[in-house]
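Colleague: Could we go through the strand sheet and the pockets of this model, with the criteria stated?

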Amino acid sequence: LSSKTDSQQALHCPKMNGLYRVLVLVLLVLCCCGGDLSVGAIPRNMGMDHVGVVVPNAQEATDFFMDVFDCVFDWEVRRPPLPNAGERGWDRIFDIHPLSHLPHVTMLKCGDFHLTQYLEIFQWSSPDQTMRPGGWGRFTDVGFAYVSFTVKDVDAVWVYFRELIEAGRYPGLRLVSDPMSFPLRGELCRSAFIITPFGLWVEVTEWSESGPRGTVIHSQRALEPTASHVHGDQEVVELRSEYISAPSLSIWEVDTPVLYVDMGIVEENTRLMAKRVLEANMSWRLVVKAHKSPRLAQRLLDLSSDATQGILTLTVDEAEVFAQYGFQDIFVAAAVASPSRLRRLGALSARISQLRVQVDRSSVAEQLAAAVLQHGGRVQVLVEVNVGHNRTG
């Protein structure tokens with residue numbers, strides 16, 4: 001409003017009168033908020049978390065991205081048809097058909113950056129669901145979307161896709177065009193598109209300057225040797241990961257079967273578990289019966305020391321080995337009945353500060369007590385109750 005006269009005229013104009021009131025309301029809000037709205041962006045933004053796509057079959061799409069792009073499975077949810085969208089209130093929230101339901105959702109991790117690079121895959125079932133014949137849609141369609149992956153060599157990736165198509169591994173997989181080149185942000189971008197068997201467009205991109213400075217994802221990274229030692233008549237090279245040893249410099253050259261542990265995933269899961277246990281005001285006993293590795297168990301205990309309370313083994317043999325490595329709080333989860341193992345438990349009770357066992361018969365408890373007294377130890381005893389599963393451990 002350029003003058004007093006203009007403003008007086010505006011107050012008598014119905015359309016301008018509404019606009020004037022809106023302007024006054026905005027000014028009042030800005031004044032009351034102390035100017036915070038002038039920042040112009042959401043507070044404490046941590047960046048993009050994930051991209052969500054709807055596909056005809058979530059399992060097929062998940063398998064495709066895990067196989068072709070080395071995405072890592074994170075979680076999934078499977079739901080029955082009921083309750084449907086109308087019963088959940090989703091029809092009003094998302095403006096969808098009330099009889100719709102979401103039978104399958106998966107989440108994949110598609111890179112090494114923490115809290116980002118996730119792809120969420122939805123499979124919806126709805127009476128009014130539509131899909132363009134033969135695919136996802138066209139670039140000019142409103143709402144069209146695609147996902148993009150950065151690669152080191154787009155030509156090598158293109159050869160890989162051609163081989164996949166020739167082998168008939170993924171029927172319906174299509175190449176849109178050969179790689180194209182564009183000058184972007186001060187460097188050369190080379191990119192190409194594929195269309196997945198389920199219709200989603202995927203771009204692969206190579207950058208001339210920033211690409212060489214980056215690294216490939218963890219699962220495709222060649223491992224570097226750190227040391228070697230002689231085992232029998234064979235020299236074993238220790239790779240960069242402290243939990244992997246193999247006579248090779250790359251995981252792709254390791255003879256199978258072989259145990260490969262991604263410690264980044266293990267450690268992140270351990271921290272998450274410890275956080276949830278603490279939030280629930282509980283404690284967590286680390287189960288070691290699967291990996292049977294004292295070194296790995298100690299690493300996990302160090303990461304979750306505020307939440308964990310000792311370890312859990314399945315057998316007396318496992319408990320004795322972990323005791324040799326200095327573990328002082330051990331729970332032997334399987335009921336022990338043989339006299340020789342009970343005597344070994346008695347000896348173990350004197351070597352560590354806290355031994356816990358379980359029994360299911362009074363006669364076993366009496367033999368265990370005698371063995372513990374003989375060695376001057378102490379033991380915590382839990383009584384195992386059969387609640388209908390007819391199993392132990």
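Colleague: In what order do the strands of the open five-stranded sheet lie?

Modeller: This is a predicted model, where local features need pLDDT of at least 70, side-chain atom pairs count only at pLDDT 80 or more, and totals for chains, interfaces and linings use all residues. Residues are numbered from 1 along each chain as its sequence is written, and side-chain values use heavy atoms, without hydrogens and water. Strands are DSSP runs (E, at least two residues; helices are H or I, at least four), numbered from the N terminus, and two strands pair if DSSP finds at least two bridges between them. With parallel pairing, the order is β12-β13-β14-β15-β16.

Colleague: Which strands stand at the edges?

Modeller: Each edge strand has a single partner strand, so one side of each is left without a neighbour in the sheet. These strands are β12 (284-287) and β16 (380-383).

Colleague: Which residue in β16 does Val357 stand opposite?

Modeller: Strand β15 (residues 354-359) runs parallel to β16, and four bridges join them. Opposite Val357 stands Val381.

Colleague: Which element gives the largest share of the lining of the largest pocket?

Modeller: A pocket is an open set of points on a 1 Å grid over the protein atoms alone, where a 1.4 Å probe fits, with protein on both sides within 12 Å along at least five of seven lines; lining residues have an atom within 4 Å of a point. The largest pocket holds about 1200 Å³ of space, and 35 residues line it, with Cys110, Phe149, Thr150, Val151 and Ile217 closest to its centre. Five lining residues come from the element with the largest share, β5.

Key: Grid points are joined across faces, edges and corners, and a volume is the space filled by probe spheres set on the points.
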